[in-house]
Protein chains: 2
Amino acid sequence: MTPPHLLDEAIALAPQEEGVWQGRTHADWANMIGPYGGITAAQALTGILLHPRRLGDPVALTVNFAAALADGEFTVHARPARTNRSTQHWIVEVRQQEQAVVTATAVTALRRPTWGEQEARMPTVPRPGDVPRSRGKRVEWLKRYDTRFIEGHIPGEWEGQDAGHSRTRLWVRDDPERALDFASLTAISDVFFPRLWLRRAKFTPVGTVSMTIYYHADAAQLAATGSGYLLAQAQGQGFRNGYLDQAAQLWNEAGELIVTTHQIMYYKE
Amino acid sequence: MTPPHLLDEAIALAPQEEGVWQGRTHADWANMIGPYGGITAAQALTGILLHPRRLGDPVALTVNFAAALADGEFTVHARPARTNRSTQHWIVEVRQQEQAVVTATAVTALRRPTWGEQEARMPTVPRPGDVPRSRGKRVEWLKRYDTRFIEGHIPGEWEGQDAGHSRTRLWVRDDPERALDFASLTAISDVFFPRLWLRRAKFTPVGTVSMTIYYHADAAQLAATGSGYLLAQAQGQGFRNGYLDQAAQLWNEAGELIVTTHQIMYYKE
């Protein structure tokens with residue numbers, strides 16, 4: 001029997017009462033302090049994906065990181081606040097010791113074919129096979145991904161020099177390979193290291209406060225993407241008085257826009 | 001006695017029990033169907049701004065439009081889900097007839113000076129005084145703003161031609177003038193007409209599903225901005241199977257980044 005993928009292990013939730021699940025942090029997804037935010041976001045979304053009253057697939061998700069998760073158990077509380085004919089609005093909390101550690105809202109929807117256009121085009125970059133794979137990863141969660149940086153790698157030396165911009169482009173996929181679904185796509189959407197480290201090249205404490213994901217791909221497009229690489233691009237916009245934001249896009253190898261995602265991070269100095 | 005500004009009339013909330021306020025939709029902020037989303041967002045935020053347990057100023061706000069607001073009364077329910085030393089996480093619902101019409105989350109924080117950098121620079125554009133003011137506005141809420149389009153105005157004729165891009169740039173401020181604060185800034189952040197109309201030049205039913213605002217400006221910077229114009233820029237990224245997103249930035253006349261904001265909209269065909 002094949003052991004479950006480490007992503008599936010991490011997002012496994014045990015049902016309690018309706019809309020309440022119990023999960024556990026997973027050592028293989030640890031960040032420097034607490035778990036990788038992307039896996040926490042995927043766990044919060046899974047509370048919706050498993051919900052018996054769910055309508056449709058994710059269109060938007062906002063996850064707010066209210067406190068560092070402690071290692072161990074947590075509960076996910078997912079509530080459909082409003083169900084319409086083709087859309088549904090969710091409020092989610094992840095709790096430890098009766099306190100919210102994550103708040104989230106989401107929209108799920110039944111999608112149907114319409115006119116379409118993709119204005120955010122994938123940049124011209126080398127193919128994944130032509131880009132060297134990153135080695136020597138220092139945090140555990142990053143070892144869960146095959147990453148191939150094209151531009152804006154994490155600084156090798158912390159020289160405090162301004163790189164002039166904070167744009168990163170990399171190819172990324174689950175390692176070992178796993179067919180893309182909404183949970184894994186949510187986790188991957190947080191793959192970028194802090195833009196501050198690139199822009200300032202100074203190792204400053206930093207952490208995501210809020211992350212929003214817009215899912216442009218539907219289930220059929222995810223199935224077609226399979227276990228291929230995603231091109232992930234992020235760039236900072238403003239850095240001011242302890243908060244910075246980034247705007248990011250993810251495309252599949254065919255150049256289709258899969259996700260646009262944004263986050264705001266706290267930084268210390 | 002000077003009558004209150006129409007924005008202040010619209011966001012006026014009457015306290016009920018702690019964390020619950022009663023408001024009313026305002027005819028001067030009407031959109032084609034229901035109220036202007038920006039004023040609804042400002043009303044939801046006001047539930048936080050008025051809350052006696054609030055810590056700090058807004059850093060992030062996500063507002064999900066779960067249903068069209070009916071004309072008349074609504075209640076705003078704002079709850080601090082987690083209060084830390086310098087940040088606070090909020091869950092908000094706006095309800096009519098005991099049903100959620102809006103869900104929202106927000107982060108407020110005490111900010112302090114740090115290193116800073118502004119990577120999203122204001123584009124070089126004519127000054128507000130050199131750009132003609134928009135006339136002949138067809139929806140009520142738009143008359144609450146002095147708008148001066150530089151690029152990407154709403155199509156004068158609906159010819160169904162692809163404009164090739166969906167970027168809009170305009171100068172905007174409250175009309176009559178009003179010193180900028182977090183409520184008015186929230187309302188202005190939704191000022192863009194749907195990117196679909198620009199890109200496709202076809203009048204298609206469309207409505208915002210979820211909007212996120214990151215506040216880069218603190219209270220002192222808003223005070224310095226005063227009643228000056230904001231340069232507002234928005235561009236669509238993906239349009240697919242009934243949903244499109246836009247990424248937007250607002251700068252003050254001094255070129256300081258005030259807000260970055262994103263939204264995902266539903267469209268019909």
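How many positive and negative side chains does chain A have, and how far apart do the centres of the two sets lie?

1. **Charge.** This is a predicted model, so please read every value below as computed from it. Chain A has 28 positive and 29 negative side chains. The centres of these two sets lie 4 Å apart.

2. **The pair of chains.** Chain B can be superposed on chain A by a rotation of 180 degrees, with 0.0 Å of shift along the axis and an RMSD of 0.0 Å. The two copies are thus related as by a two-fold rotation axis. Both copies use the same surface, since 100% of the contact residues of chain B recur in chain A.

3. **Overall build of chain A.** You will find 5 helices and 13 strands in chain A. Its C-alpha trace spans about 50 × 45 × 45 Å along the principal axes. The radius of gyration of chain A is 18 Å, which agrees with the value near 18 Å that a compact globule of 269 residues would have.

4. In chain A, 62% of the 269 residues count as buried. Of the contacts in chain A with a separation of 6 or more, 69% are accounted for by residues 24 or more positions apart.

5. **His89(A).** His89(A) sits in strand E5 of chain A, which covers residues 87-96. Is this side of the story buried or exposed? His89(A) is buried, because its relative accessible area is 1%, and the cut-off for buried is under 20%. Its contacts beyond four places in sequence include Arg79(A), Pro80(A), Arg82(A) and Val107(A). His89(A) also touches residues of chain B, namely Asn64(B), Phe65(B), Ala66(B) and Val209(B).

6. **Ile258(B).** With 0% relative accessibility, Ile258(B) counts as buried. Leaving out residues up to four places away in sequence, Ile258(B) touches several residues of chain B, among them Leu185(B), Tyr214(B), Tyr215(B), Leu222(B), Leu230(B) and Trp251(B). Gln221(B) is another one of these contacts. Gln221(B) and Ile258(B) are 37 residues apart along the chain, while their C-alpha atoms are separated by 8.2 Å.

Technical notes: Residues numbered from 1 in each chain as written. Chains lettered and ligands numbered in written order. Predicted model: local features only at pLDDT ≥ 70, side-chain atom pairs only at ≥ 80, totals over all residues. Heavy atoms only, no water. Least-squares fit on C-alpha atoms with pLDDT ≥ 70 in both. Contact = heavy atoms within 4.5 Å. Helix = DSSP H or I, 4+ residues; strand = E, 2+ residues; numbered from the N terminus. Rg over C-alpha atoms; globule rule 2.2 N^0.38 Å. Buried < 20%, exposed > 50% of the residue type's maximum accessible area, 1.4 Å probe, protein only. Lys, Arg positive; Asp, Glu negative; His and termini not counted. Charge placed at Lys NZ, Arg CZ, Asp CG, Glu CD.
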